[in-house]
Amino acid sequence: MSAPTRKTMARLMRHPSGCVGVVLIALVIIMSASAGFLFPSGPWTIAGTPRLWPGADPAFPLGTDALGRDMLSALFYGSRVSLAVGAAAALASVIIGTLVGAFAGYYGGWIDDILMRLTDAMQTIPSFLAAVAIVGIIGASLGTITAAIAIVSWPMIARLVRADFLRLRSYDFVQSCKIIGMSDLRIIFGQILPNCLAPIIVSSSILVATAIITEASLSFLGLGDPNVMSWGTILSVGRQELRSGWYMTAFPAVALVLTVLALNLIGDALNDVLNPRLKEAA
Amino acid sequence: MTDQASPVPLRGKKTGPSWVPSMAVQRYILRRIVQAILVMLLVMVGSFILIKLAPGDIVDTLAGTSEMSAERMAELRQRYQLDQPVLVQLFYYMMRLMSLDFGYSPFNNAPVLDVIAKRWPVTAILVVCSVTISMAVGTVLGVLSARNAGKPVDLGISVLMLVFYATPSFIIAILLILVFSVKLNLMPIAGFATIGSGYTGLQYFRDVAWHLAMPITALCTFYIAIYGRIGRAAMLEVLKLDYIRTARGKGLSERRVIYVHALRNAMLALVTMVGLQVSALVGGAVLIETVFGLNGMGRTAFDAVFQRDTNLLLGVVFVSSLGVVIVNFIIDLLYMVLDPRVEIK
């Protein structure tokens, strides 16, 4: 970890909501890391009596689902899917959005026009509808789900980065880079981009949260990867059992909401920590 | 939309009667219309190519539901022009679209336009009610929380906003169904109205409202949180400004200062959200209509994806995107009225 990263982390931990968020996310990471170790037989094995209420059998603290699968195991394995899809989709959309926004803002003119109309078009199509269409047509797998989420969520980052580039490109330091003959690519990625990282980092945590929600929603609709147990899958199975055992939907729902809440809290805290205007006031 | 505010109103000279917009405004409106058409073109071309890139077509799906010979499949492909190269198909499709011909939906055995005409009102009701309710509730909570900044009321509202902000609509939907339909047996679990009730007039309206209360609530909560958070921040910003002190100084009631003077400026930040919200709500309708068994555009699109009903899916994409474009256009115009400083380029 570099020194500025460590400093940001330290400030984040001192921030009350940032601290809560980081602790919650750390718990989810521990869950996903220990899933294979704690439940070596995987989430699909039928382990006990079906529809066992939580606490009824000490072997299954959170009970079993309609087929007799361990709820706790499913929950642990589900956290893997959420974290993996959330992180990968957010990373991909940050990369696409940053490239589009940087080129549009730096070059302006017709490049800006083309890229921004493309961004407008992407923001016009209802994004969840587009995600459903992409995943439904190409076929559900972790790869297509991640790609679909990335494709529908980059425009927000592109707008953000473009606005910063429009502002920064007329600054003196950019002009002097041009005068000494620095290439456009080096100015964009070496000089301007480091100056607009703060809003990108803040939005990334929100992007991960949105991606996790979208993945769960897709799985809930039956558009999840059939080979993995996701929180959305548990919810869609549990929904059929609402009358007999509402706990089957309650656990994955709480897990999902807490994870998203944690990421939002981290986003809020990062906004306070990285926003230089507020930093001076504090 | 122009987001830079210039201190000097730059609207161009007025000529003619006052209800005729100035030349600059006319040019701006024209430019926005051209942009909107361009965006719609991009949306349709993009969606068409995406759908065609995927393996499988509607004839495969039809063949899966009934026995069909290879000759019959080839004949159907020829009839739906599926045997042509993608770019030729795209050309034909776009030409037909120009005359608002969306094609035929074999699964519904009806023209796409008829299917959409029957189903869009459900989604439109959901979207319009959700926008109105979430904006009203969110704004009130935001104002309340800004006026009591740092007090327990503010803290309580902020925590509620955090929870609403983190809870996906379908989880709210399940929670509502569990509490109000399964446990308390108060609310209808699904559907648009009681089937075969024969209600008319006010009774029918009440019945529909009773059925749609839960779906609309599920669609609202996330946006109540968004409007609440933006509203609170905008209010806190505005309340610091000099003109508010002036308003208080000249002895206006606190209620008038907050709701007439401050809120008008704070609204600017809220109005920009509406365009994004409408687009997101149409997407959210896919989930909510499925959960509550409503036959709207979201459900239609969802089924069309699985039936490879390209015409129907593209029709839904067209109509919902057009809705979003129109709403955004209206918001831009509204913005000019609300904020005379907005510079028109």
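Predicted model: local features only at pLDDT ≥ 70, side-chain atom pairs only at ≥ 80, totals over all residues.
In which hand does H3(A) pass H6(A)? The crossing is right-handed.

H3(A) covers residues 71–107. Its partner here, helix H6 of chain A, covers residues 142–168. The two helices pack at an angle of about 35°. Their axes lie 5 Å apart. Sort the residues of this contact by class and you get 23 nonpolar, seven polar and three charged.

H3(A) also meets helix H9 of chain A, residues 197–220. The axes of this pair come within 8 Å. They cross at roughly 130°, which makes H3(A) oblique to H9(A). This crossing is right-handed. On the H3(A) side, the contact includes Val81(A), Val85(A), Ala89(A), Ser93(A) and Thr98(A). On the H9(A) side, it includes Ile200(A), Leu207(A), Val208(A), Ile212(A) and Glu215(A). By class, the contact has twelve nonpolar, five polar and one charged residues.

Now turn to the nonpolar cores. In soluble globular proteins, nonpolar side chains tend to be buried together. In this model the largest nonpolar core has 146 residues. Residues of both chains are among those with the most contacts inside it: Leu129(A), Ala131(A) and Val132(A) from chain A, and Ala173(B), Ala301(B), Leu313(B) and Val316(B) from chain B. H3(A) supplies the largest share of this core, 16 residues.

Take Ala131(A) as a close-up. What does Ala131(A) contact, leaving aside its neighbours within four places in sequence? Its partners are Ala148(A), Ile149(A), Val152(A), Thr214(A) and Leu218(A).

Last comes the interface between the chains. How many residues of chain A are in contact with chain B? There are 33, and they touch 37 residues of chain B. Four helices of chain A each supply at least two residues of the side that touches chain B: H4 (109–124), H5 (127–138), H9 and H11 (247–274). The largest share, nine residues, comes from H5(A). By class, this side of chain A has 22 nonpolar, seven polar and four charged residues.

Key: Residues numbered from 1 in each chain as written. Chains lettered and ligands numbered in written order. Axes fitted to C-alpha atoms, helices over the stretch in contact; angles between N-to-C directions. Parallel < 35°, antiparallel > 145°, perpendicular 65-115°, else oblique. Left-handed = near helix turned anticlockwise from the far one by under 90°. Contact = placed C-beta atoms within 7 Å. Nonpolar A, V, L, I, M, F, W, Y, C, P; charged D, E, K, R; others polar. Core = buried A, V, L, I, M, F, W, Y, C linked by C-beta atoms within 7 Å. Buried ≥ 20, exposed ≤ 12 C-beta atoms within 10 Å, placed from the backbone.
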